[in-house]
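Let's take a walk through this structure together. Have the sequence and the 3D view open side by side, and we will go one piece at a time.

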Amino acid sequence: MPLSRRTERRGGGTAIEDQIVRITSRLVAPFIQVYGIYVILHGHLSPGGSFSGGAIFGASLVLVALSFNLETGAKQISHQLASGLESGGAFGFILTGLIAIAIGGNFLANRAAGFPMGQAGELFSAGAILIITVFVGIKVASTIVTLFYTIIEGEE
Amino acid sequence: MEILTGIIDNYYYMVAIILFVIGMYTMLTHANMIKKVIAMNIMDTSVFLLFVAIGYTHGAQAPIIKEGADIIYVNPLPGALMLTGIVVAVSVTAYALSLVVKIYRFYETCDYDEICEIRSLE
Amino acid sequence: MGIADHFPALIVVVLFAAAFLSPLLYRYAEKISAPFVIASLLLSLLMSIALLVQVQQFGPVFYHMGGWPPPWGIEFSADPIRVYILIVVTAVSLWIFLYALRDLKHELKKEVIGWYYTLYSILVGSMAGIALTNDLFNLFVLMEICAISACAIISIKEDRECLEASFKYLILSAMGTGCFLLGVAMIYMATGYLNYSFIQAALAEAIVHYPLNIFTAAALFIVAFGTKAALFPLHVWLPDAHASAPTPSSAMLSGLVIKIYAFALFLMFYHVFPRGMLTTIPLNEIILWMAALGTMFGSVYAMIQTDLKKMLAFSSIGQISYIFMGIGFHHDLALVGAFYHIMVHAITKALLFMTAGVIIYSTGVRKISDLAGIGRILPLTMLAFTIGSASMVGIPGTGGLISKWYLALSALEIGRPLFVLVILASSLLNAIYYMPIVINAFMHQEDFIHEVRPVPRYMLASLIVGMFFVIVTGFFSRPVVTLLEQAAILLF
């Protein structure tokens, strides 16, 4: 049995009850999310990429859950969905690698397997890299949310 | 004298090594578990610094290839590797911290010596 | 290109794919999640065997990830020794998983079993990757994956001992990987490569200009892999971690995880550092003496334990030292002994942990002194324990003898008879702490007093499989030894 004295803190009762924080975070969150998606999608063109973008996107979801409470956060993305997306994102990465084998390259091959390259500098270029970046972005964002939920809910 | 100039010329390597030793010492000797995790990060970061310092070339440009121009580029590989290293360090840190949280729920303390005391009393 | 060309990558990929899908399957289709993991382990085992055939027919296989050739891309390589380790890893983990299916139901909460499957597959996948990879940085990443998943299959039980043990393990193994990465930086500084083959070629020249870098890297590698593989003075994390974990995790950690790091050190010595270096600086000597002390102290510590699983954990420290001793002798017969011991000890120690798990499941007894008379209640289990301990001691007819035989033989060949004495003495010490348990279990006059639950057939079946293989490795060692001899002779 845990010796903890803090069991009464369950259920997100300690969330911040501050209007300024809530309104600001509600206003800012969509912009952070769009920025996160931008960073993910432009991973092959500019600094940043799946990890940074995914972390930004995940942070916005954590921000909402922190400034409101867990229930509001769960309305955006539930723990179940987040961990499902986590598995899905990682599996998508592997699937992209396997598609490369199926169309005749080595595992995770890009141009060598025949993914369309496009014009360098445009959004839809660099073949498999964009697909992989999106999957890894999903994986990173959902991992950050899952980590947050796991540490918060840990006692159940 | 030769060693001394060697050290002065390569001071950025020395900084990395000193950080590494600080991290390792703290990690192994401090009883506070949060400090252990922080020290683990200092240790990892020092190696990342060392790697990035290896890749640096004085007066070189970012490795975005311009056709036809004769430019020296910095080595992009250490940077890419260290990005991976940072991700790995983040996941280890997250896992270590969640372990600390769980241990704290059992003992109400983050101090390893106190935990040993509590256990010896049982 | 046929699908067989992609086996080096697919072996690892199949396991990781299984890892990511199994929590989803466990949530939505619980019945098929365990068979799914079994199928993936079986698939990777079959692919490893096919790879062995391929390697023996056509020579070493190199696989370039994404079609990028080295030194830019990540390279996987398969030679006979690596594939042999691969087969040991996949086969033993498949066997342990079959045992785990039943055992986990009473050791873990129901919700986390799906995650256990994930961690288990990731662990096996990362070990297969460590055996195959030909790239230092890739090795670092796989080592971290292996370390996290190994800690997690301990802490998943969520009682106090497990959490503390896995925290200790995590911190010390983070120290290990930190040292490893620093060593990689030193080598990268001197050569500019991360691929083993390129480094080996470049180091032959670089060692003249930057000897300090290379020696520091070698020292850091010994500390890194020594910590992770529990080489004697760096073993402090092992007993707690291996003793408190759920039984399948203990079997996995003691059976395979520590060995894969010993194997990685072997790869560093023979595939990364240039050939002549091991003879110019006394690296082997250091490992040899640490290992010799380890065989002694591991056994001495094991003798004074009162908890069965803790005793088995300390015994692992003694046994891993044999493998390091084999690496330290720097002789082909010694390597044969070391690699044979990797297989034998993986099977034997897993079998012993399984018997301990069965005893704990059936009677709840963990203390060695309470085991008296248990042989009449659980005859098959104690028979398995007897055969396992016979192999630990090295009694003829078990696999343990073969590896010790080769180690002793090579000690004589290189003119170090002292180490024959060390091997003999440590065998005797092993006998001192294993045999009384066996004798007490069968010969004790009074009846066994604790309550006994019937043992599930699944568990008994895995014990029988283990006994069978311990005996088989004792009597039919020829094919494996031939394979290892042919491979080892090429290294010198």
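This is a predicted model: local features need pLDDT of at least 70, side-chain atom pairs count only at pLDDT 80 or more; totals for chains, interfaces and linings use all residues.

Now find strands β1 and β2 of chain C. They are joined by four bridges and run antiparallel. To see one of these bridges for yourself, go to C:F62, whose bridge partner in β2(C) is C:S77.

Stay with β2(C), which covers residues 75-78. In a regular strand, side chains alternate between the two faces of the sheet. Here C:E75 and C:S77 point one way, while C:F76 and C:A78 point the other way. Are these residues buried or exposed? All of them are buried.

Strand β1(C) also takes us to a neighbouring chain. Chain C and chain A touch, with 14 residues of chain C and 15 residues of chain A in the contact. On the chain C side, α1 (7-28) and β1 (61-64) each supply at least two residues. The largest share, eight residues, comes from α1(C). By class, this side of chain C has ten nonpolar and four polar residues, and no charged ones.

Finally, move along chain C to helices α16 (residues 399-413) and α17 (residues 417-443), whose axes come within 7 Å and cross at roughly 155°. An angle over 145 degrees counts as roughly antiparallel, so α16(C) is roughly antiparallel to α17(C). Their crossing is left-handed. Among the residues making the contact are C:L407 and C:A411 of α16(C), and C:F419 and C:I423 of α17(C). The contact residues divide into eight nonpolar, one polar and one charged.

Definitions and conventions: Residues are numbered from 1 along each chain as its sequence is written. Chains are lettered from A and ligands numbered from 1 in the order in which they are written. Axes are lines fitted to C-alpha atoms, for helices over the stretch in contact, and angles run from 0 to 180 degrees between N-to-C directions. Angles under 35 degrees count as roughly parallel, over 145 as roughly antiparallel, 65 to 115 as roughly perpendicular and the rest as oblique. A crossing is left-handed if the near helix is turned anticlockwise from the far one by less than a right angle, and right-handed if clockwise. Two residues are in contact if their C-beta atoms, placed from the backbone, lie within 7 Å. Ala, Val, Leu, Ile, Met, Phe, Trp, Tyr, Cys and Pro count as nonpolar, Asp, Glu, Lys and Arg as charged, and the others, Gly among them, as polar. A residue is buried if 20 or more other C-beta atoms lie within 10 Å of its own, exposed if 12 or fewer, and partly exposed in between; C-beta atoms are placed from the backbone. Two strands pair if DSSP finds at least two bridges between them.
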